[in-house]
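Trainee: I would like to go through this chain and check the terms used for it. Please set each value against its cut-off.

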Amino acid sequence: NMSSDLKHQMVSLLASDFFNVERIDVFKELHVAPIPKSFQIFFCMQGDAVISVDGNEEPIKFGMTYLVPAACKTIDIQGKCQLLRIRLP
């Protein structure tokens with residue numbers, strides 16, 4: 001569900017019947033595919049970036065959490081950060 005290049009990494013940490021948790025390493029810019037049947041929660045574990053959801057930009061800083069609704073059309077992350085993503089399976 002994610003377009004990436006060799007630098008970006010997505011690692012599944014937990015997959016259950018209730019939710020999935022992944023670690024995403026972003027090094028410059030990453031487009032994240034929306035999931036029409038699931039919200040996505042991004043928690044910043046380190047780094048500094050900007051998340052843009054349907055053109056609305058917010059800074060990503062250590063310890064911050066972002067709830068992205070299932071209805072969104074575009075999710076783009078620019079910067080260098082490590083995120084946890086929680087979503088429905």
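The conversation below takes the terms one at a time.

Mentor: Keep in mind that this is a predicted model.

Trainee: How do you know whether the chain agrees with a compact globule in its radius of gyration?

Mentor: A compact globule of 89 residues would have a radius near 12 Å, and the chain has 12 Å, so the two agree. The C-alpha trace spans about 30 × 25 × 25 Å along its principal axes.

Trainee: How much of the chain is buried, and how much of its contact set joins residues at least 24 apart?

Mentor: Buried residues account for 36% of the 89. Of the contacts between residues at least 6 apart in sequence, 62% join residues at least 24 apart. The accessible surface is about 5,400 Å², with 59% of it on carbon and sulfur atoms.

Trainee: Why is histidine 8 called buried?

Mentor: Its relative accessibility is 10%, under the 20% limit, so the word applies. Histidine 8 sits in the segment before strand E1 (9–15). Beyond four places in sequence, histidine 8 touches Asp25, Val26, Phe27, Lys28, Glu29 and Leu30.

Trainee: Which residues touch the most other members of the largest nonpolar core?

Mentor: That core has 17 residues, and Phe42, Ile51, Ile60, Val68, Ile75, Ile77 and Leu83 touch the most other members. Strands E2 (20–26), E3 (29–32), E4, E6 (65–68) and E7 each give two or more residues to this core. E4 gives the most, with five.

Trainee: What does isoleucine 51 touch, leaving out residues up to four places away in sequence?

Mentor: Isoleucine 51 touches Phe42, Asn56, Glu57, Glu58, Ile60, Tyr66, Val68, Ile75, Asp76 and Ile77.

Trainee: What makes serine 52 a buried residue?

Mentor: The relative accessible area of serine 52 is 14%; the limit is 20%, so serine 52 is buried. Serine 52 lies in strand E4, residues 40–53. Outside its four-place neighbourhood, serine 52 touches Glu57, Thr74, Ile75 and Asp76.

Trainee: Why is aspartate 54 called partly exposed?

Mentor: Aspartate 54 has 38%, so that is its class. Aspartate 54 is in the loop between E4 and strand E5 (56–61). Aspartate 54 also has a positive phi of about 50°, although it is not a glycine.

Trainee: What makes lysine 73 exposed?

Mentor: Exposed means over 50%, and lysine 73 is at 63%, so lysine 73 counts as exposed. Lysine 73 is in the loop between E6 and E7. Apart from neighbours within four places, lysine 73 is in contact with Pro34 and Asp54. Its C-alpha is 8.9 Å from that of isoleucine 35, 38 residues apart along the chain.

Trainee: How do you know that arginine 87 and glutamate 22 make a polar contact?

Mentor: The cut-off is 3.5 Å between N or O atoms, and the side chains of arginine 87 and glutamate 22 make their contact at 2.9 Å. Arginine 87 lies in strand E7, residues 75–87. Arginine 87 has a relative accessible area of 15%, under 20%, so arginine 87 is buried. Its contacts beyond four places in sequence are Phe19, Asn20, Glu22, Ile35, Ser38, Phe39 and Gln40.

Terms used:
Residues are numbered from 1 along each chain as its sequence is written. This is a predicted model: local features need pLDDT of at least 70, side-chain atom pairs count only at pLDDT 80 or more; totals for chains, interfaces and linings use all residues. Side-chain values use heavy atoms; hydrogens and water are left out. Helices (H or I, at least four residues) and strands (E, at least two) are DSSP runs, numbered from the N terminus. Buried means under 20% relative accessible area, exposed over 50%, partly exposed in between (1.4 Å probe, protein chains only). Contact means heavy atoms within 4.5 Å. A polar contact is a pair of N or O atoms within 3.5 Å; within protein, one must be able to donate a hydrogen and the other to accept it, and residues adjacent in sequence count only if both atoms are side-chain atoms. A nonpolar core is a set of buried Ala, Val, Leu, Ile, Met, Phe, Trp, Tyr and Cys residues joined through side-chain atoms within 4.5 Å. The radius of gyration is taken over C-alpha atoms; the globule rule is 2.2 Å times the number of residues to the power 0.38. Accessible areas come from the Shrake-Rupley method with a 1.4 Å probe; for residues, only the protein chains shown count as cover.
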